[in-house]
Amino acid sequence: SMDISDGSPTGIGCRHLSVRYGAHQALYDVSVTIPIQQITAVIGPSGCGKSSFLATWNRLTDLYDHCHVTGEMWLHGEDVLSREVDLIRLRRRVGMIFQTPNPFPLSIKRNIQLPLRETGIRDRDRLDFITERVLQDVGLWDETKDRLNRSALGLSGGQQQRLCIARALALQPQLLLFDEPCSALDPISSGIVEDLIHELRQQATIVIVTHNISQARRIADHVAMFWYDDGVGKLVEHCAAAKAFTAPDNPITAAYIDGSRG
């Protein structure tokens, strides 16, 4: 891949990525390229480093005491692990959606406009335009346009999760990370969010950690399978979803997918 200014490759990927918390090695020697504007599902049992893998992309790992990350990571030419990285800018470029919806305890409108104002957008017409556009994008506009000044906490769980996605989209991220975004939602809300994630790959590259193999089967273009070896998380397979679900190279992947049907 072509190298640009700071020597980081173009595209999105990592080489020899390792994460440890104090003496505990959570993830070891992961090298992977994330296909652009596609959905990569990260699957595997609990405790094999999937959430740690996600948290390295926008340096949430910096927030944990004694967390040590080594290796190389790049995002469209930028060295993610560099000490010089502007973390505020990085976290705008890399949106994160958590398992439990986490809207700000503010109005629906302020949830989207506060981060935009922090980036320097002050023009009210522009703020309102972006607000409407991202709420349309997540299918929330019709149900919220008459209550934009009411608290986001009055929305249902599924609506709150879509608002959090809209809030991330407003910043035009290049990479969107989802950490089990449907596991706290009822099946109907979960289906709506899942369909939304599937559509969003037109706007951003998506990495989603999911325990739901059926969900991965429905929406993923690629699958990254994590497992542990002596308690240490490792990437054991990364391939097109069609291959992962029909003829994976690694017997662990085959057994995991087989045993987790449903």
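Modeller: For the charges, Lys and Arg count as positive and Asp and Glu as negative, while His and the chain ends are not counted. The model is predicted, and in it the mean positions of the 27 positive and 31 negative charges are 5 Å apart.

Colleague: How should I read the overall dimensions, and what radius of gyration does the protein have?

Modeller: A compact globule with 262 residues would have a radius of gyration near 18 Å, and the protein agrees with this because its own value is 19 Å. Taken along the principal axes, the C-alpha atoms fill a box of roughly 55 × 45 × 35 Å, and the secondary structure within the protein comes to 10 helices and 10 strands.

Colleague: How do I read the two faces of a strand, taking S6 as the case?

Modeller: In a regular strand the side chains alternate between the two faces of the sheet. In strand S6, residues 94–97, Val-94 and Met-96 lie on one side and Gly-95 and Ile-97 on the other, and all of these are buried, so that both faces are covered.

Colleague: Which strand is joined to S6, and how many bridges are there?

Modeller: Strand S7, residues 175–179, runs parallel to S6 and is joined to it by 4 bridges; in one of these pairings, Val-94 has Leu-175 of S7 as its bridge partner.

Colleague: Turning to the backbone, what is the phi of Asp-29, and where does Asp-230 lie?

Modeller: The point to look for is a positive phi in a residue other than glycine, and Asp-29 shows this with a value near 55°. Asp-29 belongs to strand S2, residues 24–34, and is partly exposed, its relative accessible area being 38%. Asp-230 also has a positive phi, near 55°, but its place is the loop between strand S9 (222–229) and strand S10 (232–240). With a relative accessible area of 78%, Asp-230 is exposed, the cut-off for that term being over 50%.

Definitions and conventions:
Residues numbered from 1 in each chain as written. Predicted model: local features only at pLDDT ≥ 70, side-chain atom pairs only at ≥ 80, totals over all residues. Heavy atoms only, no water. Rg over C-alpha atoms; globule rule 2.2 N^0.38 Å. Charge placed at Lys NZ, Arg CZ, Asp CG, Glu CD. Buried < 20%, exposed > 50% of the residue type's maximum accessible area, 1.4 Å probe, protein only. Pairing = 2+ DSSP bridges.
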